[in-house]
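This report is meant for a reader who meets the structure for the first time.

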Amino acid sequence: MLIKDQAICIRTIDYAETSQVITLLTDTYGKIRAIAKGSKRPRSPFGGPIEVFSYGPAVILDKPHAQLGTLTEFQPRFEIISGLTRNLQAYNAAMLAAELVDRFTKDHDPHPGLYQLVLGFLRDVVSGPNPLPATIGFQLGLLRQVGMQLVLDGCANCRRPYSEDWPAYYFSSSANGLVCRDCEGSFPDRMMLGLEAVRGLQDQANLASAGPVARSVARILIDHITRILGHQLRTARQFLQGMACHGSSG
Amino acid sequence: MDSLYTDSIKRLIEQLGRLPGIGPKSAERLAFYILHTSKDEALALADAIRAVKEQIRPCKDCFNLAEGPLCPICADPRRDHNTICVVEQPKDLVALEKTGLCNWVYHVLGGHICPLDGIGPADLTIDRLIERVRSGQVREVVMATNPTLDGDGTALHIASLLRGLPVRITRLARGLPAGSTIEYANDKVLADAILGRQTIQ
């Protein structure tokens, strides 16, 4: 089957001396892994080695029972990569996003909207002054895409609608969202949240000028995702460290 | 097919076949060359391999390849020790030195940061570079990491650590190579050239 679709590269692995195995997130067909033969040759058919976050129209020869397809055409665009090479926070955030997409999706499992979510996120982090709210928005969007949407409009346990009049707000990873004070005792992993953090989780526009709150929300989400995946994210440490440095300097 | 060879020849072919760019046929051809060459010549090859494995160690200052505590570049007093050029691998250093334009000293990182592969700053010699800059008379750090996403990410990370220190941070220019034509340049090179355009003096 010949797949022609818009695709973004989210992972590359060198294969032999001149080729790469790349993981592409396509707009229509989900995640596809393919070999890019000769991509590292000086006269590569893809305009040079394929890098993570290069994106554009791709043609993949996808055999039904083969683990790897063959990338036959790819016309990558580089403006996102160019932006990421100028901003360390954006670079760290983008790497985290690439790992999250790879971990949360399965090969050939279409997620309509995910490609646009990733591309929109990358454009936001490259162009925006602070990539943190966009990263939080992306994580929440990804969870929604893969069917693990957080409950943020009420108590995830008793379904009591959220109100700013609640006496206290809690987040529980095992409850998958906000928890009210009446229910918090049932969730040993709950943590207390401030009102600003709750507002930030519900709408990332509220985090634009709230540095420490945004960092704490990002940390909560990474802890939550780590719990879901059952292991540490490779990119999380650098993202969190970069975030802390950025916070202390700015 | 394997039984055609004695054990020692088989072992030699196997070992040669592990080298990059050497397939089974080439390994056989090299093994037969070694077999037919004089004993002195063959043992000189073996001695050369043994010597590099036993005598080469990282330079204590820059982590370039050295046979003593310091590499020849760090030990050279005529070099400009106020400027450090940061490279990923010793091979990159060799390529820069071949231009004949570099009088600076180097710092070899031992790779680049690659978050997706779990390679972080602690896996490289970045801490030692920061120590060198803090403790010495360094006025400029030239980033010569590879012009890839991860190479640039590594340069950005190092630059973020050096920010606040009285040192100029630069990186190698990129774009169209001299003597080339725009018509045949690939998109990536053109994008770099456009974004890095310079004022004509």
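Predicted model: local features only at pLDDT ≥ 70, side-chain atom pairs only at ≥ 80, totals over all residues.

## Aromatic cluster and chain interface

In chain A, one aromatic cluster is formed by Y162(A), W166(A) and Y169(A). Over all chains, a search of the whole structure finds six aromatic pairs. One of them joins Y162(A) and W166(A), whose ring centres lie 5.5 Å apart with the planes at 65°, so that this pair is edge-to-face. Y162(A) also pairs with Y169(A), where the ring centres are 6.0 Å apart and the planes stand at 40°, so this second arrangement is classed as tilted.

| Pair | Distance between ring centres | Angle between planes | Class |
|---|---|---|---|
| Y162(A) and W166(A) | 5.5 Å | 65° | edge-to-face |
| Y162(A) and Y169(A) | 6.0 Å | 40° | tilted |

The next topic is the interface of the two chains. Here 24 residues of chain A are in contact with 21 residues of chain B, and the area buried between chain A and chain B is about 2,100 Å², of which 61% comes from carbon and sulfur atoms. Across this interface the rule finds one salt bridge, and D117(B) forms a salt bridge with R11(A), with the closest N and O atoms 2.8 Å apart. Six residue pairs in polar contact, both residues having a pLDDT of 80 or more, are also found across the interface of chain A and chain B.

Which elements of chain A supply at least two residues each to the side that touches chain B? They are β1 (2-15), α1 (79-84) and α2 (88-104), and α2(A) gives the largest share, with five residues. By residue class, the side of chain A that touches chain B divides into 12 nonpolar, six polar and six charged residues.

D152(B) has a relative accessible area of 2% and is buried. When its neighbours within four places in sequence are left aside, D152(B) is in contact with T85(A) and also with T145(B), N146(B), P147(B), R171(B) and R174(B).

Technical notes:
Residues numbered from 1 in each chain as written. Chains lettered and ligands numbered in written order. Heavy atoms only, no water. Phe/Tyr/Trp six-rings, centres within 6.5 Å; stacked < 30°, edge-to-face > 60°. Contact = heavy atoms within 4.5 Å. Buried area = accessible area lost by both parts, 1.4 Å probe. Salt bridge = Lys/Arg side-chain N within 4 Å of Asp/Glu carboxyl O. Polar contact = N/O pair within 3.5 Å; in protein donor to acceptor, adjacent residues only side chain to side chain. Helix = DSSP H or I, 4+ residues; strand = E, 2+ residues; numbered from the N terminus. Nonpolar A, V, L, I, M, F, W, Y, C, P; charged D, E, K, R; others polar. Buried < 20%, exposed > 50% of the residue type's maximum accessible area, 1.4 Å probe, protein only.
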